[in-house]
Each structure stands twice: as C-alpha cells, then as structure tokens.
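Grab your viewer and let's work through a few side-chain contacts together. Try each exercise yourself before reading its solution.

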Amino acid sequence: MSVWQLVAVGAVMLLGLVGVLVPGVPGQAIVWAAVLWWALTDTSPVAWGVLIGATCLLLLNQALKALLPSRRPRETGAPGKTLVLGGIAAIVGFFVVPVVGGILGYVGAIYGAERLRLGSRGAGWTSLKSVMRATGYSVLLELFCCLMVAGSWLGAVIWG
C-alpha cells in the first residue's frame, strides 16, 4: 500500500472519529470502513487480524450501547461546543497518553470548559456529572472503541 493510500485511510479514520462526536453521523461505520479498505488493499495477516479485532470490538460496542442511556445532548444544559471540545481532547489525549489519555482528555476538557463557563468548581463538577449522565457515557464508549481501532491500525502500520 502506498504512502498516499495510508494517508487517505488515516484521513477517513479521523473523519470517523470526528463523526462519533456529531449526532447522526455513523462514525463507527466510517472507522470500520477505513480499516476494511486498508485490509483489502494490504492483505497481510496483521491487516486481517486488525480487521477481525476491529469488527469484534465495534460489534461489542453496539451491544453495550444498548445498555447505556440514549444521547440527549439538549438536556445537559451544556453548550454543544463543550462536547466537541471534550471529544477533540479525547482524540488528542488518546495518542499523547495511550489508551488512558482518551478518557482523561474527554472528562477533563468537559470539566474545564464547564468550570470556566459557570465560574466555580462545584458548578463545573455538577455540570460534568449532568453531561456524563445525559450523553457522556455513550459518546465516551463509542469514541473509546473507535480510538482503540484507530490505535491498533496505526500500530500495525508503524510496526507491522
């Protein structure tokens, strides 16, 4: 697979990660399609292993999402840019501090944005809990699973 194709697969994957944060955009499907594209082009055993692992993880995520409350971003009282900021911080955090950084970035950015917006530590904490109850857990689970797929793809490309 050429470098330009790998860049294109990475761009599609990044589009899928951002799509997880936007309601109505099938971010998981886009991330999975990018891995499928890569695996069909690079037919090594590592590529197929990543595809099989991504498929299993994303199917498990779909099953677990049914157990979580549905997304209700309007009920949180937090502006939409707070949720987007949390998602961007999760993506950056995942690659800065592998795996754990995604969760810390998401929760930390939402708390920080809400604390700045509301002006006090207690109000920021209360708003964070409200956001996590209404949308955070399902978004965080879906984003974390997609980040795991993206991270395994990146690891396979670099070291595979």
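Phe-94 is buried, at 6% relative accessible area (buried is under 20%, exposed over 50%, partly exposed in between, with a 1.4 Å probe and protein chains only). Heads-up: this is a predicted model, where local features need pLDDT of at least 70 and side-chain atom pairs pLDDT 80 or more, while totals for chains, interfaces and linings use all residues. Residues are numbered from 1 along each chain as its sequence is written, and side-chain values use heavy atoms, leaving out hydrogens and water.

**Exercise 1.** Classify the ring pair Phe-94 and Phe-95.

- Rule: centres of Phe, Tyr or Trp (six-membered ring) within 6.5 Å make a pair; planes under 30 degrees apart are stacked, over 60 edge-to-face, the rest tilted.
- Here the centres sit 5.2 Å apart with 90° between the planes, so it's edge-to-face.
- Phe-95 is partly exposed, at 40%.

**Exercise 2.** Do likewise for Tyr-111 and Trp-125.

- With centres 6.4 Å apart and planes at 70°, this pair is edge-to-face too.
- Tyr-111 is in helix H5 and Trp-125 in helix H6, 14 residues apart (helices are DSSP runs of H or I, at least four residues, numbered from the N terminus).

**Exercise 3.** Find what Lys-65 forms a salt bridge with.

- Look for a Lys or Arg side-chain nitrogen within 4 Å of an Asp or Glu carboxyl oxygen.
- The partner is Glu-142, with the closest N and O atoms 3.2 Å apart.
- Lys-65 lies in helix H3 and Glu-142 in helix H6, so the bridge ties together parts 77 residues apart in sequence.
- Glu-142 is buried at 5%, whereas Lys-65 is partly exposed at 28%.

Technical notes
Helix = DSSP H or I, 4+ residues; strand = E, 2+ residues; numbered from the N terminus.
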